[in-house]
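Keep the viewer open as you read.

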Amino acid sequence: MKIWIARPMTAAVTARAREAFAGVEIRETNAVMSEAEMLRALSEFDIVVPTLGDRFSAEIFAKAGTPRCKLLANFGVGYNHIDVEAARAAGVEVTNTPGAVTDATADIAMTLILMSARRASEGERMLRKGAWEGWHPTQMLGLHATGKRVGIAGMGRIGQAIARRCHFGFGMDVSYVARSPKDLDFPADREESLLAMAGQVDFLVVAVPGGPETRHLINAEVLGAMQPHAHLINIARGEVVEEAALINALQNRRIGGAGLDVYEFEPKVPQALIDLDNATLLPHLGTATEEVRSNMGHMALDNAAAYLAGEALPNRV
Ligand code: NAP
(Lines give C-alpha, C1' and ligand atoms only; values in the text may rest on other atoms or scores of the structure.)
Protein backbone atom coordinates (compact mmCIF):
# COMPACT_ATOMS: atom_id res chain seq x y z
CA MET A 1 0.00 0.00 0.00
CA LYS A 2 1.54 3.32 -1.04
CA ILE A 3 0.54 6.70 0.34
CA TRP A 4 1.78 10.11 -0.83
CA ILE A 5 1.56 13.14 1.43
CA ALA A 6 1.75 16.26 -0.70
CA ARG A 7 3.46 18.64 1.77
CA PRO A 8 5.81 18.45 4.75
CA MET A 9 3.66 18.03 7.89
CA THR A 10 4.14 18.85 11.58
CA ALA A 11 6.57 16.58 13.46
CA ALA A 12 3.72 14.71 15.20
CA VAL A 13 1.91 13.93 11.94
CA THR A 14 5.13 12.99 10.15
CA ALA A 15 6.06 10.58 12.95
CA ARG A 16 2.64 8.91 12.91
CA ALA A 17 2.61 8.64 9.11
CA ARG A 18 6.04 6.99 9.06
CA GLU A 19 5.09 4.57 11.83
CA ALA A 20 1.63 3.66 10.58
CA PHE A 21 2.19 3.44 6.82
CA ALA A 22 5.16 1.45 5.55
CA GLY A 23 4.84 2.78 2.01
CA VAL A 24 4.62 6.47 2.87
CA GLU A 25 6.33 9.13 0.80
CA ILE A 26 6.27 12.73 2.02
CA ARG A 27 6.84 15.41 -0.58
CA GLU A 28 9.61 17.78 0.50
CA THR A 29 8.36 20.97 -1.11
CA ASN A 30 5.57 23.39 -0.19
CA ALA A 31 4.85 24.19 -3.85
CA VAL A 32 1.47 23.10 -5.22
CA MET A 33 1.53 19.83 -7.14
CA SER A 34 2.27 20.08 -10.85
CA GLU A 35 0.10 18.28 -13.37
CA ALA A 36 2.81 15.63 -13.78
CA GLU A 37 2.89 15.09 -10.02
CA MET A 38 -0.89 14.79 -9.79
CA LEU A 39 -0.87 12.22 -12.60
CA ARG A 40 1.92 10.34 -10.81
CA ALA A 41 -0.07 10.56 -7.57
CA LEU A 42 -3.11 8.98 -9.20
CA SER A 43 -1.21 6.25 -11.03
CA GLU A 44 1.47 5.21 -8.49
CA PHE A 45 -0.16 5.60 -5.08
CA ASP A 46 -3.19 4.04 -3.35
CA ILE A 47 -3.88 7.06 -1.16
CA VAL A 48 -2.88 10.69 -1.68
CA VAL A 49 -3.08 13.47 0.91
CA PRO A 50 -3.36 16.64 -1.18
CA THR A 51 -4.14 20.14 0.02
CA LEU A 52 -5.07 23.68 -0.98
CA GLY A 53 -3.91 24.54 -4.49
CA ASP A 54 -3.51 20.96 -5.75
CA ARG A 55 -6.01 21.22 -8.61
CA PHE A 56 -7.37 17.73 -9.11
CA SER A 57 -9.62 18.87 -11.94
CA ALA A 58 -11.86 16.86 -14.27
CA GLU A 59 -9.08 17.14 -16.89
CA ILE A 60 -6.57 15.52 -14.55
CA PHE A 61 -8.94 12.59 -13.90
CA ALA A 62 -9.63 12.32 -17.63
CA LYS A 63 -5.88 12.12 -18.32
CA ALA A 64 -5.31 9.66 -15.47
CA GLY A 65 -7.58 6.99 -16.99
CA THR A 66 -8.23 4.30 -14.37
CA PRO A 67 -6.22 5.43 -11.38
CA ARG A 68 -4.51 3.17 -8.85
CA CYS A 69 -5.39 5.81 -6.25
CA LYS A 70 -8.68 5.16 -4.43
CA LEU A 71 -8.66 7.98 -1.86
CA LEU A 72 -7.80 11.68 -1.84
CA ALA A 73 -7.64 12.35 1.91
CA ASN A 74 -7.58 16.13 1.66
CA PHE A 75 -5.69 18.10 4.32
CA GLY A 76 -8.19 20.92 5.00
CA VAL A 77 -11.94 21.39 5.23
CA GLY A 78 -12.16 23.34 1.94
CA TYR A 79 -11.94 21.02 -1.08
CA ASN A 80 -12.94 23.34 -3.92
CA HIS A 81 -9.58 22.49 -5.60
CA ILE A 82 -10.82 18.93 -6.15
CA ASP A 83 -13.51 18.05 -8.70
CA VAL A 84 -15.30 15.59 -6.42
CA GLU A 85 -17.75 14.42 -9.08
CA ALA A 86 -14.92 13.62 -11.52
CA ALA A 87 -12.99 11.90 -8.71
CA ARG A 88 -15.93 9.64 -7.82
CA ALA A 89 -16.54 8.86 -11.49
CA ALA A 90 -12.92 7.68 -11.61
CA GLY A 91 -13.43 5.54 -8.49
CA VAL A 92 -11.59 7.90 -6.14
CA GLU A 93 -13.18 8.85 -2.81
CA VAL A 94 -12.56 12.26 -1.23
CA THR A 95 -12.40 13.11 2.48
CA ASN A 96 -11.65 16.37 4.32
CA THR A 97 -10.86 17.59 7.84
CA PRO A 98 -13.95 19.40 9.17
CA GLY A 99 -14.18 20.55 12.77
CA ALA A 100 -10.42 20.55 13.36
CA VAL A 101 -10.20 23.96 11.72
CA THR A 102 -13.31 25.66 13.13
CA ASP A 103 -12.14 27.54 16.21
CA ALA A 104 -8.79 28.64 14.79
CA THR A 105 -10.43 30.03 11.66
CA ALA A 106 -13.10 31.80 13.73
CA ASP A 107 -10.29 33.30 15.82
CA ILE A 108 -8.66 34.68 12.67
CA ALA A 109 -12.02 36.18 11.64
CA MET A 110 -12.16 37.97 14.99
CA THR A 111 -8.54 39.10 14.52
CA LEU A 112 -9.52 40.60 11.17
CA ILE A 113 -12.72 42.21 12.49
CA LEU A 114 -10.76 43.95 15.23
CA MET A 115 -7.73 44.80 13.09
CA SER A 116 -9.88 46.28 10.34
CA ALA A 117 -12.26 48.16 12.63
CA ARG A 118 -9.47 49.55 14.81
CA ARG A 119 -7.02 50.21 11.96
CA ALA A 120 -4.41 48.04 13.66
CA SER A 121 -2.49 47.13 10.53
CA GLU A 122 -2.40 50.73 9.32
CA GLY A 123 -1.33 51.94 12.77
CA GLU A 124 1.45 49.39 13.05
CA ARG A 125 2.78 50.29 9.62
CA MET A 126 2.78 53.98 10.59
CA LEU A 127 4.67 53.29 13.82
CA ARG A 128 7.24 51.01 12.14
CA LYS A 129 8.09 53.65 9.58
CA GLY A 130 8.66 56.23 12.33
CA ALA A 131 5.64 58.38 11.45
CA TRP A 132 3.88 58.25 14.84
CA GLU A 133 3.76 61.72 16.36
CA GLY A 134 2.14 60.63 19.63
CA TRP A 135 -1.32 60.15 21.13
CA HIS A 136 -3.98 62.78 20.62
CA PRO A 137 -7.76 62.76 20.99
CA THR A 138 -8.53 62.39 17.30
CA GLN A 139 -5.66 60.10 16.30
CA MET A 140 -6.56 57.17 14.02
CA LEU A 141 -10.23 56.95 14.93
CA GLY A 142 -11.67 53.58 13.97
CA LEU A 143 -15.00 51.81 14.32
CA HIS A 144 -16.11 50.70 17.80
CA ALA A 145 -16.76 46.95 17.46
CA THR A 146 -18.59 46.14 20.69
CA GLY A 147 -22.38 46.08 20.35
CA LYS A 148 -22.45 46.34 16.56
CA ARG A 149 -24.29 44.04 14.11
CA VAL A 150 -22.42 41.29 12.32
CA GLY A 151 -23.78 39.56 9.21
CA ILE A 152 -22.48 36.05 8.53
CA ALA A 153 -22.68 34.75 4.96
CA GLY A 154 -22.52 30.97 5.42
CA MET A 155 -23.67 29.86 8.89
CA GLY A 156 -21.89 26.50 9.01
CA ARG A 157 -19.32 25.32 11.54
CA ILE A 158 -16.99 28.32 11.15
CA GLY A 159 -19.81 30.85 10.61
CA GLN A 160 -21.46 29.75 13.85
CA ALA A 161 -18.17 29.86 15.76
CA ILE A 162 -17.67 33.45 14.56
CA ALA A 163 -21.27 34.40 15.43
CA ARG A 164 -20.83 32.88 18.91
CA ARG A 165 -17.68 34.92 19.51
CA CYS A 166 -19.35 38.09 18.24
CA HIS A 167 -22.45 37.56 20.41
CA PHE A 168 -20.92 36.35 23.68
CA GLY A 169 -17.58 38.17 23.42
CA PHE A 170 -18.55 41.48 21.87
CA GLY A 171 -22.28 41.85 22.58
CA MET A 172 -23.05 42.02 18.86
CA ASP A 173 -26.36 41.37 17.17
CA VAL A 174 -26.09 38.56 14.65
CA SER A 175 -27.67 38.24 11.21
CA TYR A 176 -26.95 35.41 8.80
CA VAL A 177 -27.70 33.88 5.43
CA ALA A 178 -27.38 30.15 4.80
CA ARG A 179 -29.20 27.65 2.62
CA SER A 180 -31.06 26.20 5.63
CA PRO A 181 -32.20 27.62 9.00
CA LYS A 182 -30.01 26.92 12.02
CA ASP A 183 -30.94 25.82 15.50
CA LEU A 184 -28.71 28.03 17.63
CA ASP A 185 -28.35 28.57 21.37
CA PHE A 186 -27.92 32.33 20.94
CA PRO A 187 -30.07 34.91 19.18
CA ALA A 188 -29.51 35.34 15.45
CA ASP A 189 -31.72 36.67 12.66
CA ARG A 190 -31.86 34.62 9.49
CA GLU A 191 -32.12 36.92 6.48
CA GLU A 192 -33.63 35.87 3.16
CA SER A 193 -31.29 37.94 1.04
CA LEU A 194 -27.54 38.56 1.19
CA LEU A 195 -28.08 41.95 -0.42
CA ALA A 196 -30.56 43.08 2.24
CA MET A 197 -28.29 41.79 5.02
CA ALA A 198 -25.27 43.57 3.51
CA GLY A 199 -27.09 46.88 3.86
CA GLN A 200 -27.86 46.39 7.56
CA VAL A 201 -24.63 45.19 9.12
CA ASP A 202 -21.47 46.81 10.41
CA PHE A 203 -19.36 43.73 9.66
CA LEU A 204 -20.09 41.40 6.76
CA VAL A 205 -18.19 38.13 7.29
CA VAL A 206 -17.81 35.59 4.51
CA ALA A 207 -17.79 31.94 5.66
CA VAL A 208 -19.24 29.95 2.73
CA PRO A 209 -17.27 27.22 0.93
CA GLY A 210 -15.54 28.13 -2.34
CA GLY A 211 -16.44 26.64 -5.72
CA PRO A 212 -18.57 27.57 -8.74
CA GLU A 213 -21.75 28.10 -6.68
CA THR A 214 -20.29 30.84 -4.49
CA ARG A 215 -17.81 32.40 -6.93
CA HIS A 216 -18.16 36.22 -6.74
CA LEU A 217 -21.04 35.94 -4.27
CA ILE A 218 -19.64 39.21 -2.90
CA ASN A 219 -19.71 41.41 -6.00
CA ALA A 220 -20.04 45.12 -6.77
CA GLU A 221 -23.76 45.03 -6.00
CA VAL A 222 -23.27 43.53 -2.53
CA LEU A 223 -20.37 45.89 -1.78
CA GLY A 224 -22.48 48.79 -3.05
CA ALA A 225 -25.29 47.83 -0.64
CA MET A 226 -22.96 47.96 2.39
CA GLN A 227 -22.99 50.96 4.69
CA PRO A 228 -20.04 53.32 4.13
CA HIS A 229 -18.58 52.59 7.58
CA ALA A 230 -19.01 48.79 7.31
CA HIS A 231 -16.16 46.30 6.99
CA LEU A 232 -15.94 43.19 4.81
CA ILE A 233 -14.13 40.20 6.33
CA ASN A 234 -13.22 37.17 4.22
CA ILE A 235 -11.83 34.02 5.83
CA ALA A 236 -13.48 31.64 3.34
CA ARG A 237 -11.96 31.43 -0.13
CA GLY A 238 -10.62 34.31 -2.22
CA GLU A 239 -12.80 33.56 -5.24
CA VAL A 240 -15.98 34.20 -3.23
CA VAL A 241 -15.17 37.92 -3.34
CA GLU A 242 -14.80 39.69 -6.68
CA GLU A 243 -11.41 41.20 -5.90
CA ALA A 244 -11.50 43.93 -8.58
CA ALA A 245 -14.87 45.17 -7.24
CA LEU A 246 -13.53 45.12 -3.68
CA ILE A 247 -10.46 47.14 -4.66
CA ASN A 248 -12.74 49.65 -6.35
CA ALA A 249 -14.97 49.94 -3.27
CA LEU A 250 -11.96 50.41 -0.99
CA GLN A 251 -10.24 52.93 -3.29
CA ASN A 252 -13.43 55.01 -3.47
CA ARG A 253 -14.05 54.67 0.29
CA ARG A 254 -17.44 53.11 -0.45
CA ILE A 255 -16.93 50.83 2.58
CA GLY A 256 -15.01 51.32 5.81
CA GLY A 257 -12.41 48.63 5.23
CA ALA A 258 -11.68 45.01 4.47
CA GLY A 259 -9.94 42.28 6.43
CA LEU A 260 -8.78 39.43 4.22
CA ASP A 261 -7.15 36.08 4.90
CA VAL A 262 -7.64 34.70 1.37
CA TYR A 263 -7.27 36.08 -2.16
CA GLU A 264 -8.85 35.44 -5.52
CA PHE A 265 -5.56 34.53 -7.22
CA GLU A 266 -3.68 33.34 -4.16
CA PRO A 267 -0.79 33.68 -3.46
CA LYS A 268 -0.84 36.64 -5.85
CA VAL A 269 -2.11 39.74 -4.06
CA PRO A 270 -2.71 42.73 -6.34
CA GLN A 271 -0.46 45.74 -5.74
CA ALA A 272 -3.61 47.90 -5.70
CA LEU A 273 -4.79 46.00 -2.61
CA ILE A 274 -1.37 46.19 -0.94
CA ASP A 275 -1.33 49.97 -1.50
CA LEU A 276 -4.64 50.50 0.33
CA ASP A 277 -4.44 51.64 3.96
CA ASN A 278 -8.03 50.45 4.58
CA ALA A 279 -7.19 46.82 3.75
CA THR A 280 -5.88 44.40 6.39
CA LEU A 281 -4.10 41.55 4.64
CA LEU A 282 -3.13 38.24 6.25
CA PRO A 283 -1.35 35.39 4.42
CA HIS A 284 -4.05 32.68 4.81
CA LEU A 285 -3.40 32.17 8.52
CA GLY A 286 -6.83 30.67 9.35
CA THR A 287 -5.62 27.32 10.70
CA ALA A 288 -1.98 28.18 11.21
CA THR A 289 -1.24 26.85 14.68
CA GLU A 290 0.87 23.81 15.53
CA GLU A 291 -1.95 21.95 17.27
CA VAL A 292 -4.57 22.69 14.62
CA ARG A 293 -2.30 21.68 11.75
CA SER A 294 -1.46 18.50 13.67
CA ASN A 295 -5.16 17.79 14.29
CA MET A 296 -5.85 18.30 10.58
CA GLY A 297 -3.01 15.94 9.65
CA HIS A 298 -4.23 13.31 12.12
CA MET A 299 -7.73 13.57 10.69
CA ALA A 300 -6.42 13.04 7.15
CA LEU A 301 -4.43 10.02 8.41
CA ASP A 302 -7.53 8.70 10.24
CA ASN A 303 -9.32 8.67 6.89
CA ALA A 304 -6.36 6.90 5.25
CA ALA A 305 -6.26 4.33 8.08
CA ALA A 306 -10.02 3.71 7.80
CA TYR A 307 -9.65 3.10 4.08
CA LEU A 308 -6.83 0.61 4.69
CA ALA A 309 -8.88 -1.20 7.34
CA GLY A 310 -11.85 -1.40 4.97
CA GLU A 311 -13.94 0.73 7.34
CA ALA A 312 -16.36 3.56 6.53
CA LEU A 313 -14.50 6.81 5.83
CA PRO A 314 -15.06 9.18 8.78
CA ASN A 315 -15.03 12.38 6.71
CA ARG A 316 -16.27 11.49 3.24
CA VAL A 317 -17.35 14.74 1.51
P1 NAP B 1 -19.59 24.29 6.49
O2 NAP B 1 -19.81 23.82 7.89
O3 NAP B 1 -19.91 23.38 5.36
O4 NAP B 1 -20.39 25.67 6.33
C5 NAP B 1 -20.63 26.30 5.12
C6 NAP B 1 -21.87 27.16 5.25
O7 NAP B 1 -22.05 27.87 4.04
C8 NAP B 1 -23.16 26.39 5.51
O9 NAP B 1 -23.93 27.06 6.47
C10 NAP B 1 -23.88 26.44 4.15
O11 NAP B 1 -25.29 26.43 4.27
C12 NAP B 1 -23.43 27.79 3.67
N13 NAP B 1 -23.53 27.95 2.22
C14 NAP B 1 -23.03 27.14 1.26
N15 NAP B 1 -23.32 27.66 0.06
C16 NAP B 1 -23.99 28.81 0.27
C17 NAP B 1 -24.54 29.80 -0.55
N18 NAP B 1 -24.48 29.69 -1.86
N19 NAP B 1 -25.16 30.88 0.03
C20 NAP B 1 -25.23 30.99 1.37
N21 NAP B 1 -24.72 30.07 2.22
C22 NAP B 1 -24.12 29.01 1.66
O23 NAP B 1 -18.06 24.69 6.27
P24 NAP B 1 -17.03 25.29 7.35
O25 NAP B 1 -16.31 24.19 8.05
O26 NAP B 1 -17.73 26.32 8.16
O27 NAP B 1 -15.96 25.97 6.36
C28 NAP B 1 -16.36 26.99 5.47
C29 NAP B 1 -15.24 27.31 4.50
O30 NAP B 1 -14.23 28.05 5.15
C31 NAP B 1 -14.49 26.09 3.95
O32 NAP B 1 -15.17 25.49 2.87
C33 NAP B 1 -13.16 26.67 3.56
O34 NAP B 1 -13.14 27.02 2.20
C35 NAP B 1 -13.03 27.93 4.42
N36 NAP B 1 -11.92 27.82 5.37
C37 NAP B 1 -10.93 28.76 5.35
C38 NAP B 1 -9.87 28.66 6.23
C39 NAP B 1 -8.75 29.65 6.25
O40 NAP B 1 -7.62 29.25 6.56
N41 NAP B 1 -8.99 30.92 6.00
C42 NAP B 1 -9.82 27.60 7.15
C43 NAP B 1 -10.85 26.67 7.15
C44 NAP B 1 -11.89 26.79 6.26
P45 NAP B 1 -26.10 25.16 4.84
O46 NAP B 1 -25.69 25.02 6.27
O47 NAP B 1 -27.51 25.52 4.72
O48 NAP B 1 -25.66 23.99 4.02
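His 284 sits in the loop that runs between strand E12 (279–281) and helix H12 (290–308). This is a predicted model, and in it the phi of His 284 is near 45 degrees, a positive value in a residue other than glycine. Is His 284 buried, exposed or partly exposed? With a relative accessibility of 23%, His 284 counts as partly exposed, because the buried class is kept for values under 20%.

You will find Arg 119 in the loop between helix H5 (102–117) and helix H6 (120–128). Its relative accessibility is 27%, so Arg 119 counts as partly exposed.

Another loop, between strand E11 (257–260) and helix H11 (271–274), holds Pro 267. The peptide bond that joins Glu 266 and Pro 267 is cis, with omega at about 5 degrees.

Now turn to helix H8 (residues 194–200), where Ala 196 has its place. Ala 196 has a relative accessible area of 38%, which means that it is partly exposed. Along the chain, Ala 196 and His 284 are 88 residues apart, and 29 Å separates their C-alpha atoms.

Let's zoom out. The chain has 12 helices and 12 strands, and its C-alpha atoms fill a box of roughly 65 × 45 × 35 Å along the principal axes. Does the radius of gyration agree or disagree with that of a compact globule? A compact globule of 317 residues would have a value near 20 Å, and the chain has 21 Å, so the two agree. Of the 317 residues, 49% are buried. Take the contacts between residues at least 6 apart in sequence: 62% of them join residues at least 24 apart. The accessible surface of the chain comes to about 14800 Å², and carbon and sulfur atoms account for 52% of it.

Finally, the ligand. It is surrounded by 24 residues, and the closest are Ile 158, Arg 179, Ser 180, Lys 182 and Ile 235. By class, this shell has 10 nonpolar, 9 polar and 5 charged residues. Oxygen atoms of the ligand lie 3.2 Å from a polar backbone atom of Met 155 and 2.9 Å from a polar backbone atom of Gly 156. From the side chain of Arg 179, a polar atom lies 2.7 Å from an oxygen atom of the ligand. On its own, the ligand has 940 Å² of accessible area, and the protein covers 86% of it.

Conventions
Residues numbered from 1 in each chain as written. Predicted model: local features only at pLDDT ≥ 70, side-chain atom pairs only at ≥ 80, totals over all residues. Heavy atoms only, no water. Near = heavy atom within 4 Å. Polar contact = N/O pair within 3.5 Å; in protein donor to acceptor, adjacent residues only side chain to side chain. Areas by Shrake-Rupley, 256 points an atom, 1.4 Å probe, with all protein chains shown as cover. Nonpolar A, V, L, I, M, F, W, Y, C, P; charged D, E, K, R; others polar. Helix = DSSP H or I, 4+ residues; strand = E, 2+ residues; numbered from the N terminus. Rg over C-alpha atoms; globule rule 2.2 N^0.38 Å. Buried < 20%, exposed > 50% of the residue type's maximum accessible area, 1.4 Å probe, protein only. Contact = heavy atoms within 4.5 Å.
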